Amino acid sequence: MKQSFQSITHPSLGTKLLVLGIGLVLILALAFTWFNTRTQHDELQDVFKQQATALAFNITVSSNSHLLEKDFAIIETLLLKADGFQDLYSATVVAANGQVLAQVLRDNSTHKLTALYTNEKLHIPNKGLQTQLFKSDRYLTVIEPIESGRVIGYVVLEFDLSPLQIRESELIERNVLLAVILIFPATLALWLFIRKTIVELHSLTDFAQRMVKGQGIEHATSPTSRELAMLHATLNWASVTLDKKNQALEAAKLKADKSNDLKSQFVANMSHEIRTPLNGILGLTEITLGNSALAEKPRRNLELIQLSAEHLLRVVNDILDFSKIDANRLDMDPQPFELRAHVQAIVKMVSSAYAKPGVEIVLDIDPAIPDLLNGDCPRIMQVLNNLLSNALKFTMAGRVSITLSAKTTPSKTKPATCKIDFAIRDTGLGISESARSEIFKAFSQAEPGTARKYGGTGLGLTITQRLLELMDSRIHLWSEEGIGSEFSFTLELPIVEINTITGTETLAVNMHNDIPHDTTNEFGHVSTGLRVLVAEDNMVNQTFISHVLTQLGISYRFADDGLAAVQAVDEEPFDLIFMDMHMPNMGGLQACQAILAKPQHKNLPIVGLTADAIADTREACMSAGMREYISKPFKRSDIEAVLVRLKFRVSPIPMQNFDHDKELLKTTINMIAAEIPQLADDIENEILAGNLSEAKRALHTLKGHCKLVGELSFADFIQQMENQLMLHQRPTADALEHLKKNLRVLQQRLRLLSQ
């Protein structure tokens with residue numbers, strides 16, 4: 001298994017060794033230079049002091065007798081003879097009281113000692129018998145006592161230290177130069193000494209990298225040291241071993257990938273095969289339960305069938321969600337939504353399914369929660385559904401409370417957010433401490449018999465935990481056996497600003513002739529007849545969809561596969577296509593692409609129908625050119641929502657007016673369509689002839705037909721015309737033209753529905 005390497009900026013071991021060696025050489029050179037210079041400096045200082053004190057002693061001995069004889073001229077001559085000492089700056093002989101007896105000073109121009117006559121006194125710091133030395137930055141002063149049984153005077157010599165300091169500087173420069181000269185051969189010797197080792201280390205490093213990238217290679221070299229030889233042998237052994245293990249891992253990976261692909265394919269197929277019949281079961285059950293004439297016992301049986309199917313759907317959804325989590329394909333889709341309304345709806349839905357007579361359900365929503373938030377509403381509701389369902393299932397008496405509290409966080413740079421704390425608390429069985437970690441594991445229950453007694457897959461809390469992690473939250477659990485449990489979590493959701501939209505108030509229709517021509521009246525309109533192609537190969541789903549479209553007053557045609565759908569759009573015009581994803585001969589995606597590829601159909605809206613809930617359905621549909629998609633099983637409300645998003649206006653037909661009998665509906669709308677032209681002519685002719693009562697009778701009949709087929713808006717318009725005729729007022733020409741135009745549209749729609 002190959003790995004990718006990032007660039008490594010750390011220095012190599014060879015570089016470190018070389019830098020360390022050079023550093024040591026430099027340190028040794030500096031230490032040698034400092035030590036040698038210090039030693040020589042001390043030696044120069046000692047020699048200089050010894051020479052100075054020796055000179056002072058010699059002058060003292062020579063001038064002893066002359067001082068007693070007070071022969072100061074001879075003393076001065078003795079001092080001048082010290083001219084050979086170039087560092088001597090001045091020499092003075094003083095009496096015991098400090099009176100200068102003889103003194104010479106080196107002339108700055110001739111650099112010779114010259115006699116100096118003065119009556120000054122010199123201060124002798126310590127009038128003892130010891131030699132005294134005093135040193136300043138520039139001079140060294142030596143005071144030597146002259147003795148003759150007692151101290152009779154002093155010899156004071158001042159030496160200029162500048163020449164000595166120059167010699168010391170020259171000494172330092174010479175030593176530094178010597179050290180520099182020695183560093184180069186030392187560094188070269190060091191490099192030659194470690195070069196072989198560095199080369200071998202580089203070679204072994206390259207080999208180690210190549211070993212990981214291409215296993216099984218061997219490195220042929222002759223190490224110069226025992227340690228490198230051992231490292232070389234170890235790397236060769238590791239290379240061969242790694243190659244064998246890598247081959248085994250590759251084989252295992254291929255097997256695991258194949259197994260995972262098969263599992264994903266199996267889950268996708270099972271999803272399709274289970275959700276497709278569930279769509280028919282739930283859909284037809286909903287259609288049948290909509291029949292108000294249904295007897296009580298069959299209705300109860302159908303409601304039990306519906307509950308069982310919905311439970312099966314929840315199990316399938318849990319397994320599919322877990323498969324998505326396992327494949328790391330569970331993504332969030334944030335959209336603006338109303339949290340308060342959705343929470344109320346989910347509580348109402350779960351309560352109706354799991355409520356018990358002795359259990360009180362309390363919902364407390366903080367009024368500070370904003371009206372509109374941005375988040376993945378279906379996933380948030382799924383979390384609440386799982387937690388609330390569990391709370392109700394395991395609570396036999398007491399109460400279950402759902403609490404939402406909010407804290408708004410304003411921000412100047414990004415949208416304001418709202419932190420919402422969710423807490424679901426019950427007075428149920430409670431969870432033992434040992435089981436608290438187990439319940440979040442897949443297919444696990446708190447107790448072994450829980451699944452048999454209360455039902456469930458053991459995936460709800462696993463999915464809940466993962467969903468909250470994807471929403472940057474965590475679930476917290478408090479529980480005590482026999483007292484109850486509390487599950488809580490916090491979501492931070494962006495607040496969506498609500499744009500205030502002023503609605504246009506609908507004006508009442510005024511049919512009087514004195515209405516100005518520039519006044520706009522809002523007339524009632526009939527719905528335009530929609531012609532829909534349904535590409536669906538499952539007969540049960542065809543039956544359900546046909547009932548839904550019939551109830552919505554939509555004309556339709558079925559195609560049993562994608563190829564038939566492609567042919568159908570060339571045979572007649574359609575306003576919309578519902579396209580199943582999986583069909584024989586040609587699938588829905590291929591059929592969609594084939595239809596939209598034709599210029600005359602490029603703007604035809606296509607809505608995908610799919611039971612494949614694990615694949616990237618939305619992306620696949622959008623990539624193929626579909627406008628929307630509906631996941632099976634779906635309800636009539638799902639189709640209505642899609643029609644609204646696609647901006648199609650429909651008028652549902654009240655099927656109770658036809659005893660939910662499609663054949664009776666077909667017969668009735670055929671009769672109405674046949675009567676419409678005659679009724680329209682009668683209304684216009686009777687109004688023109690002044691027979692307003694006859695015109696009113698024809699309008700009343702037409703109004704009843706419109707209400708029968710669900711055209712309530714247009715029926716209201718006809719009622720206003722009828723009311724006007726009752727007041728003996730004639731409708732305007734615009735109203736009559738609007739009536740005739742909409743009757744033609746209605747007749748065309750009814751003709752389509754009767755096909």
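Biologist: How many helices and strands are there in the chain?
Modeller: The chain has 18 helices and 18 strands; both are DSSP runs numbered from the N terminus, helices being H or I with at least four residues and strands E with at least two. This is a predicted model, in which local features need pLDDT of at least 70 and side-chain atom pairs count only at pLDDT 80 or more, while totals for chains, interfaces and linings use all residues. Residues are numbered from 1 along each chain as its sequence is written, and side-chain values use heavy atoms, leaving out hydrogens and water.

Biologist: What percentage of the residues in the chain is buried?
Modeller: Of the 755 residues, 41% are buried, that is, under 20% relative accessible area, with exposed meaning over 50% and partly exposed in between (1.4 Å probe, protein chains only). Among contacts (heavy atoms within 4.5 Å) with a separation of 6 or more, 68% join residues 24 or more positions apart.

Biologist: Which residues touch the most other members of the largest nonpolar core?
Modeller: L339, L373, L404 and I420 do, in a core of 38 residues. Such a core is a set of buried Ala, Val, Leu, Ile, Met, Phe, Trp, Tyr and Cys residues joined through side-chain atoms within 4.5 Å. At least two residues of this core come from each of α6 (339–354), β8 (359–365), α7 (377–393), β10 (398–409), β11 (417–426), α9 (460–470) and β13 (484–494). The most are given by α7, with nine residues.

Biologist: And what does L339 touch?
Modeller: Leaving aside residues up to four places away in sequence, L339 touches I369, D371, L373, M381, L404, I420 and F422. There is also a second, separate core of 34 residues, which includes L679, I687, L743 and L753.

Biologist: Turning to the open sheet of six strands, what is its order?
Modeller: The order is β3-β2-β1-β6-β5-β4, with antiparallel pairing; two strands pair if DSSP finds at least two bridges between them. At the edges are β3 (113–115) and β4 (132–135), each pairing on one side only. On average, neighbouring strands of this sheet are turned by 15° against each other, direction ignored.

Biologist: Which helix packs on the sheet?
Modeller: Helix α2 does, touching β1 (88–95), β2 (100–106) and β3, and its direction makes about 25° with that of β2. Axes are lines fitted to C-alpha atoms, for helices over the stretch in contact, and angles run from 0 to 180 degrees between N-to-C directions.

Biologist: Which residues of α2 are buried?
Modeller: In α2 (residues 72–80), these are I75, E76 and L79. They cover an arc of only 100° around the axis, which puts them on the same side of α2; the arc is that of the directions from the helix axis to the C-beta atoms.

Biologist: How many bridges pair β5 and β6?
Modeller: Nine bridges join β5 (residues 139–147) and β6 (residues 151–160) in the antiparallel sense. L157 in β6 is the bridge partner of V142.

Biologist: What about α14: which of its residues are buried?
Modeller: In α14 (residues 636–645) they are I639, V642 and L643. These buried residues fall within an arc of 100° seen down the axis, so they line one face of α14. Their cover includes α10 (539–551), β16 (576–580), β17 (606–610) and β18 (628–631). After α14 comes K647, whose phi is positive, near 65°.

Biologist: Finally, is V316 buried or exposed?
Modeller: V316 counts as buried, at 8% relative accessibility, and lies in helix α5 (residues 296–326). Its C-alpha atom is separated by 8.0 Å from that of I274, 42 residues apart along the chain.
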